[in-house]
Amino acid sequence: MKDYQDGCIKFALPKGRFLSPTASLLAEIGLGFEGYSAKTKQYRLRSTRFSNVAAKILQEKDIPIQVAVDNYDLGICGSDWIEEYLVKYPSGALVRIASLNYGEGDIHVVAGAQGGITSLNKLLAQRSDCRIVSEYPNLSEALALNLRMRRFKIFPVWGAAEVYPPENADLAVLWGRSRAHIAAQGLIPLEKLFSVTAFLVANRESLENKDLSQILTCFDSRLTAEPQTSTEHEPVICKELKIPCPSCPAKEINLALPDGHQQAPTAGFLKQAGLGIQGYSEEPVSRRPSADLDWLGIKVIRPQDMPLQVANGNFDLAVTGQDWLREHLCRFPSSPVRKLFALGFGTVKIVAAVSQEMPVNDICELGSLVQSGKFAPLKIASEYVNVADKYIRENRINPYKLIPTWGASEAFLPEDADMLIDNTQTGKTLEQHKLRILDVLFQSSACLIANKNSLASSNKKDRIKFLAQKLRAGLTNVKN
Amino acid sequence: MQDLLPEDMLRFRRIEDVFRSCCRNWGYQEVRTPTLEYLYLFTATGTLTPGMLSRVYSFLDWDGWSGERVVLRPDGTIPVARLYIDNPGGQELARLFYVTNIFAFEGTGKKSRERWQCGAEFFGGVKSAPDVEVIQLAEDVVHKLDIRNAKLQLSHAGLVKALLKEFRLGPAEETRITDGILEGHWDGLTAVTSSNAEMERLVTALLGLKGKSSSFLRNVKASFPKASPDFKSSLEDFLSITTLLDSLGCRYEIDIAAMHGFEYYTGICFQLLAAGEKIGGGGRYDKLVPLMNGGDIPACGFALYVDAIMRLLPLEKRRKDKSGILVRGKELAPETVNTCFTVAESLRDAGCPAEIDFADRDESSFRWVILVSSKRPSRLVLKDCLQEQHREVASVAEILEVVGGG
């Protein structure tokens, strides 16, 4: 724990898209970190040069917040996540220091090619109520306000924003490599908001009070450089873009299938059930696979987003995890989403875990410890913010603070959080990170969910019943 | 976040009482709207600036899966306009008033995010007279609150908007400069004038000078005969109101550039200042009700800023003279407690405020103390704190006889 004591400089480094270029840059400027590579399985890193500099690898989305709350003095992440934070909290503690001049693509406002919206002015003239889907809800809201939209709804999603327009959203705010890249997804780029480049950011108070000069000096040659502008020549008007415009007639029943880890087992299950689907089991996965049943429309989205999308009627049915259903129902207790049945795969436990060094054996003891003033407020890192909130309230732990994460909550303990609430299959990862399971909240597996209004609809209920029976048969096939 | 302590509440209630009394005297009726409203109520008219809307507290309700968001009321007028539209009383004309809190995020943490307003709105009616009425009503409240040296400043949103049109800017730039002006930054306007000598003359006259009577506006009208019809019509409207104010002996200052935050105003707007602080503001907003699909109803109104006014009012002097009665139980025995409550209730019924105490409540601020005990020969002893005398009493009737005579 020495690395994180006072006097140490704490650096938040990105996972994912910026990991390799950031590692190269840091090595080049003499600020390398041991083990900072795509293959690493550790989160905590040591500077190869400065004994007082420690780093942690975090999800990029988490970095602006973690720097702002003073868990880190410095951080590197994409300008999209920085703007997403700053547009909501302009006077907060996050300070942009400089662009590091690497990165790719831009944040665009797009519409679906079949939706008939070719400009934002046209949209404002045509729509009295605009639905915007995005991984960047704050930027989307700022856009809606700046355009003085009379009425708008923002749907924050974990990903796959590109698949929502035009049926399930009028606009999406998303990242695109280029306008041509966006057009290739059947979308019309209406406006570019800004380019995505890696940025060096700092905590305001650290910058004002702490000597970060040895680190900033390393970046010196980069800090004075002008941000590079994209040299790609792009067609200016939409007419010059080749936008595939496949016909997607409205279907009677809409089903959402998961991407990511859940995709392969779901594809296997559907095959067992004898449901013919093209474009889902083979690579690359189509975001709009087609079914043998001509009345069935399918989209592939994130399982995290499904309960809300089923609740608001964009989909009648979805294959998601019970964990995400419960997360949704904790937030919206009267939601019209119903679980039909579990599908028997993707089983995980949702657990509360703490550092092995935490002197408690169960959640009651933790409650007493927090009440005595130690670990107060208790900081809980979780992907399941609403599940975690309910669990903590029910166990009467006070005071507490929730830290929403986008996965890999184990990286937060013990420096940046005291407890995590996350899913685990075997518990091995938790053990590797010297964490101990304190409580199992519930067990979760993949399940079929439905909108209760669709279940009651005379136009839909027979087809939903047919589909549900087919999937139930798949369940039997798997068991046999 | 801000607590209102007992002393603050005395001032708060004083403002509220004076405001309510004035409004009722002028024929206004009190209404109250919900703290939670739908966000689209405030975005639908397109009148509030993006800057203002970005500071509202909005969130998804418990049934917010459809994406519809609710907001902690950031403005007092728009909800009252909605109330007027949603609850037609059969008459176009309505005089409504309210005392309400409004919420806006404030990034520095130095100001409160919850502020209180006393507001009045006049829906319907013909022009000029309602404008003068709401100004006079606001001044009446300020006068009755005994706020000295309050200053009335006038501007005209229609005139400012017509002035902007004269520049023939592109829509984007016009919106940018308008939003700037609404936030109080007039420099955007002065920056674009330099290219046009006539416009510079007009802007200099309007923004640089401060009129003290309707004559100033007559002079502006005479100096710029070539101004646009919109500008002239707004000027005429402004002139008719100021002429009426002159005839009523109302003192004011015309300061076009002093105004900001007049998002939905279309005609005259005004603000009241005291000790350098803005204590209220209002104006005419003829487009708001039509934009909310409530029909072609003109309207005007104002709000007084309770927090600012509270800072100006002197602390209510604590009554140094002894008053009130303390009923003190010597012990917590059921019989004593019972007697204390019975005695106190009888005193209150007779119109004497009475406080019960079983601990060591300081007696210094009370005129009388009644000692209640189960052990004494007489269970009641009346202590005169002024004369510093004790006497045994037999009944509440005897106490009332003494206290009433004291």
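Student: How many helices and strands does chain A have?

Tutor: Helices (H or I, at least four residues) and strands (E, at least two) are DSSP runs, numbered from the N terminus. Chain A has 17 helices and 23 strands. This is a predicted model: local features need pLDDT of at least 70, side-chain atom pairs count only at pLDDT 80 or more, and totals for chains, interfaces and linings use all residues. Residues are numbered from 1 along each chain as its sequence is written, while chains are lettered from A and ligands numbered from 1 in the order in which they are written.

Student: Why is chain A as compact as a globular protein of its length?

Tutor: Take the radius of gyration over C-alpha atoms; the globule rule is 2.2 Å times the number of residues to the power 0.38. For 480 residues the rule gives 23 Å, and chain A has 24 Å, which is close, so chain A is as compact as a globular protein of that length.

Student: What share of chain A is buried?

Tutor: A residue is buried if 20 or more other C-beta atoms, placed from the backbone, lie within 10 Å of its own. Buried residues are 45% of the 480 in chain A.

Student: How many residues of chain B are in contact with chain A?

Tutor: Contact means C-beta atoms, placed from the backbone, within 7 Å. Here, 16 residues of chain B are in contact with 20 residues of chain A. On the chain B side, α2 (39-43) and α3 (50-53) each give two or more residues.

Student: Which domains does chain B have?

Tutor: Domain bounds come from an automatic or database assignment. For chain B it gives domain 1 (1-148 + 275-317), domain 2 (150-258) and domain 3 (325-405). The C-alpha centres of domains 2 and 3 of chain B lie 68 Å apart.

Terms used: Buried ≥ 20, exposed ≤ 12 C-beta atoms within 10 Å, placed from the backbone. Contact = placed C-beta atoms within 7 Å.
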